[in-house]
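Visitor: I have a structure to look at and would like to learn how to read it. Where do we begin?

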Amino acid sequence: MSGTPFSIADAPDQQRAEAGRKLFAQSSDFLKGVVAMDGLPPADRLEICFAGRSNVGKSTLINALTGRKALARASNTPGRTQEINFFTLAGLYLVDLPGYGYANAPLPVVKKWQRLLKAYLSGRATLRRVFLLIDSRHGVKAVDEEIMALLDSAAVTFQVVLTKADKPKGSEIDKITAQVAKALGKHPAAYPEIVLTSSEKGSGLETLRAIIAEME
């Protein structure tokens, strides 16, 4: 998809919104935390995963999407999530990946879970899409580019979700969106729509739910 113009995902129509609402109204539960590839659950269903830098808001977004305040354990300490956490939702797995980049943990531990992250992203056949979370206050960083390149090489489609979109002021969000779109233009695995979200305000959640429901 390299060279494709990137746009902000539109709000879903009523039918798509309802499909997303129905999916996420179903029970969602924590299945297991995985620290090695041999601990992964059977690859018997579609998987959607959430990746991003430490403290970008992955766990908070999963909780907001499912309406479960404590489904995924959110932390103010970057790098607290050191496992691949699997959650069940209807016939899907929702997967919360360890944050990459800065992490408040010993270097050998950081390296171990970064290896796990890369092994999972490049070797999970049932992984339909990676939602790559980018903090809308900061845009794409070099470490994000590394993950994007990995997903290109693994031919895994990824879609950028801008988190905390209520934080930038005025035209700042437009500048960040343009910066993200320019960065994505170099990556053939990038999906051409960017989703703007705020877990705190609830904006963009309906759109993201509808996108996920269409993959079922």
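Guide: With contacts along the chain. In the protein chain, residues 24 or more positions apart account for 78% of the contacts with a separation of 6 or more. Keep in mind that this is a predicted model.

Visitor: What radius of gyration does the protein chain have, and what would a compact globule have?

Guide: A compact globule with 216 residues would have a radius of gyration near 17 Å, and the protein chain has 16 Å, which agrees. Taken along the principal axes, the C-alpha atoms fill a box of roughly 40 × 35 × 35 Å. Buried residues make up 49% of the 216 residues.

Visitor: How many helices and strands are there?

Guide: The secondary structure comes to six helices and eight strands. Read from the N terminus on, the elements run β-α-β-β-α-β-β-α-β-α-β-α-β-α.

Visitor: In what order do the strands stand in the sheet?

Guide: Eight strands form an open sheet with mixed pairing, in the order β1-β8-β7-β6-β3-β5-β4-β2. At the edges stand β1 (7-8) and β2 (28-34), each with a single partner strand, so one side of each has no neighbour in the sheet.

Visitor: How many bridges join β2 to β4?

Guide: Six bridges join β2 to β4 (residues 84-89), and the two strands run antiparallel. To find a place in this pairing, look at F30, which stands opposite F87 in β4.

Visitor: Take I194 next. Is I194 buried or exposed?

Guide: Buried means under 20% relative accessible area. I194 has 1% relative accessibility, so I194 counts as buried. I194 lies in strand β8 (residues 193-196). Leaving out residues up to four places away in sequence, I194 touches F6, S7, I8, A9, V160, L162, T177, V180, A181 and L184. From I194 to L184 it is ten residues in sequence and 9.8 Å in space, C-alpha to C-alpha.

Visitor: Now the helices. How many of the nine residues of α2 are buried?

Guide: Eight of the nine are buried, so α2 is largely enclosed by the rest of the structure. The buried residues of α2 are K58, S59, L61, I62, N63, A64, L65 and T66. After α2 comes G67, with a positive phi near 70°.

Visitor: At what angle do the axes of α1 and α6 cross?

Guide: The axes of α1 (residues 14-25) and α6 (residues 205-213) cross at roughly 85° and come within 7 Å. These two helices are therefore roughly perpendicular to each other. On the α1 side, the contact is made by R16, A17, A19, G20, L23 and F24. On the α6 side, E206, R209, A210, I211, I212 and A213 take part. By class, this contact of α1 with α6 has eight nonpolar, one polar and three charged residues.

Visitor: Where does N55 lie?

Guide: N55 is in the loop between β3 (46-52) and α2 (58-66). With a relative accessible area of 37%, N55 is partly exposed.

Visitor: And what is the phi of K164?

Guide: K164 is not a glycine, yet has a positive phi of about 55°. K164 sits in the loop between β7 (158-163) and α5 (172-184). The relative accessible area of K164 is 23%, so K164 is partly exposed.

Technical notes:
Residues numbered from 1 in each chain as written. Predicted model: local features only at pLDDT ≥ 70, side-chain atom pairs only at ≥ 80, totals over all residues. Heavy atoms only, no water. Axes fitted to C-alpha atoms, helices over the stretch in contact; angles between N-to-C directions. Helix = DSSP H or I, 4+ residues; strand = E, 2+ residues; numbered from the N terminus. Parallel < 35°, antiparallel > 145°, perpendicular 65-115°, else oblique. Contact = heavy atoms within 4.5 Å. Nonpolar A, V, L, I, M, F, W, Y, C, P; charged D, E, K, R; others polar. Buried < 20%, exposed > 50% of the residue type's maximum accessible area, 1.4 Å probe, protein only. Pairing = 2+ DSSP bridges. Rg over C-alpha atoms; globule rule 2.2 N^0.38 Å.
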